Amino acid sequence: MDDQPPIRPSLLPYGRQSIDAADVEAVVAALQSAWLTTGPAVERFEAALCRHTGAAHAVAVSNGTAALHTAMAALGVGPGDEVIVPAMTFAATANAVVYCGGTPVFADVEPDSLLLDPIDAARRITPRTRGIIAVDYAGQPADYAALRAVADRHGLFLAADACHALGGSLDGRPVGSLADVSTFSFHPVKPIATGEGGAVTTADEQLARRARIFRNHGITSDHRSRETAGAHRYEMVSLGFNYRLSDIQCALGCSQLEKLPRWVERRQAIAAAYDEALSTDPVYRPLAVRAGCRHAYHLYVVRCLAHATGPERDRVFASLRRQGIGTNVHYPPVHLHPYYRATFGTAPGLCPHAERAYEEILSLPIFPGMADGDIRDVLRGLARVAGREAGDSAAVPAAA
Ligand SMILES: *Cc1c(COP(=O)(O)O)cnc(C)c1O
């Protein structure tokens, strides 16, 4: 099957940003304004994020990793503290704990959804545990009701790494107000793009205040607030970083956010087309979606079942690439990275569900600008790799 001609002449990416004329205009207007950073576009973007997440406070920062670092610092994570993180996530989730001198403790994920397993998380609690970071893997909100019960029982904070899930919700409550603190990324493949960018949201006014100070060197006022007050004195009260997001990027973020609900709908339509084609497939199994959640579908992940007849995931990845279809693998379990093994003594066997999943998962192309014909190409490519030439047969549904 691998010597068949490519389905597409150039590579279909697994994810990409959508930029329209309104976005370009918004950026140009910011460039022509008096403020390139610490200006009014930052507040506008933060207010818009509050509207989309239902959070009382949003703090824009320079990227999603900075958002996680800022959240951990504002929660007071420090040396000796343990924070539970799922093994199936991007390394930055755990790295943020390490930046603060804490120890990430890896918990396993549920095998069908790859979301943090609340029972396994509870099992990893020790007297040093300070909190839990749940990850809304692929865009599906984690099980916050169960995690909240675990956190409350042990007096822990509950944080959400919601970098995949802006625009999602759980039982009618938007992502961004499901945990004590939530973090977002606006990297180009994420739900909205500002080039690089991120944010922290919370209902806790004091936590938001600490986050604002942390993103500005640990200084309690910024350039604009001093200019407005006609003052020059400032104080650095703690050690912070320069994690600010510029007005240029915040202007783009405001323009992007207007399209978010529409984009989530398009992502859901693409996912529904994949679901319909693959839900009974013997080789490719989509992940489970829990009732009551609005899935933001940053990723559409299938497991390539490595049993007798199924092609291996790496063969599917390579063959699709030759056919002009880009896919990706999210993620190698964090505890298996050489850094974590060397620094924290983690090893295979620690989180078996995540480790097993890693051998099988593949993220198929999904992004708002994807055409219905692109979806058909992906399904046709998958059928070819599995040794079925589905062609344009009735087995491949038209997208919504
Ligand atoms: C993208 C991502 C991050 C990091 O965001 P950046 O903006 O790239 O720094 C953190 N956690 C998860 C789960 C992510 O997907």
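## Basis of the model

This is a predicted model, in which local features need pLDDT of at least 70 and side-chain atom pairs count only at pLDDT 80 or more, whereas totals for chains, interfaces and linings use all residues. Residues are numbered from 1 along each chain as its sequence is written, and side-chain values use heavy atoms, with hydrogens and water left out.

## The ligand and its shell

The ligand is surrounded by 15 residues, the closest being Gly64, Thr65, His164, Ser185 and Lys190; a residue is near the ligand if one of its heavy atoms lies within 4 Å of it. By class, this shell has five nonpolar, eight polar and two charged residues, where Ala, Val, Leu, Ile, Met, Phe, Trp, Tyr, Cys and Pro count as nonpolar, Asp, Glu, Lys and Arg as charged, and the others, Gly among them, as polar.

The protein buries 92% of the 380 Å² that the ligand exposes when taken alone, with areas taken from the Shrake-Rupley method with a 1.4 Å probe and, for residues, only the protein chains shown counted as cover.

## Helix H3

Helix H3 (64-74) and helix H4 (91-99) each supply at least two residues of the shell around the ligand, and the largest share, three residues, comes from H3. Helices (H or I, at least four residues) and strands (E, at least two) are DSSP runs, numbered from the N terminus.

Nine of the 11 residues of H3 are buried, and among them are Gly64, Leu68, His69 and Met72; buried means under 20% relative accessible area, exposed over 50%, and partly exposed in between, with a 1.4 Å probe and protein chains only. Asn63 caps the N-terminal end of H3, with a side-chain oxygen 3.0 Å from the backbone nitrogen of Thr65, while after H3 comes Gly76, whose phi is positive, near 80 degrees.

## Aromatic pairs and charges over rings

The structure holds 12 aromatic pairs, a term for rings of Phe, Tyr and Trp (its six-membered ring) whose centres lie within 6.5 Å, with planes under 30 degrees apart counted as stacked, over 60 as edge-to-face and the rest as tilted. The rings of Tyr137 and Tyr331 have centres 6.4 Å apart and planes at 70 degrees, so this pair is edge-to-face. Because Tyr137 lies in the loop between strand E4 (129-135) and helix H6 (144-154) and Tyr331 in the loop between helix H11 (313-322) and helix H12 (338-344), the pair ties together parts that are 194 residues apart in sequence. Tyr137 counts as buried at 1% relative accessibility, and Tyr331 counts as buried at 9%.

Tyr339 and Tyr340 also form an edge-to-face pair, at 5.0 Å centre to centre and 85 degrees between the planes, and one aromatic cluster is formed by Phe106, Tyr339, Tyr340 and Phe344. Tyr339 is partly exposed at 42% relative accessibility, whereas Tyr340 is buried, with a relative accessible area of 1%. Arg224 lies over the face of Trp35, 5.9 Å from the ring centre, and the charged end of Arg313 sits over the ring of Tyr358, 5.3 Å from its centre; a charge sits over a ring if NZ of Lys or CZ of Arg is within 6 Å of the ring centre and within 35 degrees of the ring normal.

## Backbone exceptions

Most residues other than glycine have a negative phi, and most peptide bonds are trans. A cis peptide bond, with omega about 10 degrees, joins His330 and Tyr331.

Thr38, in the loop between helix H1 (21-31) and helix H2 (40-53), has a positive phi near 50 degrees and counts as buried at 12% relative accessibility. Ala138, in the loop between E4 and H6, has a positive phi near 70 degrees and is buried, with a relative accessible area of 3%.

Note on methods
Polar contact = N/O pair within 3.5 Å; in protein donor to acceptor, adjacent residues only side chain to side chain.
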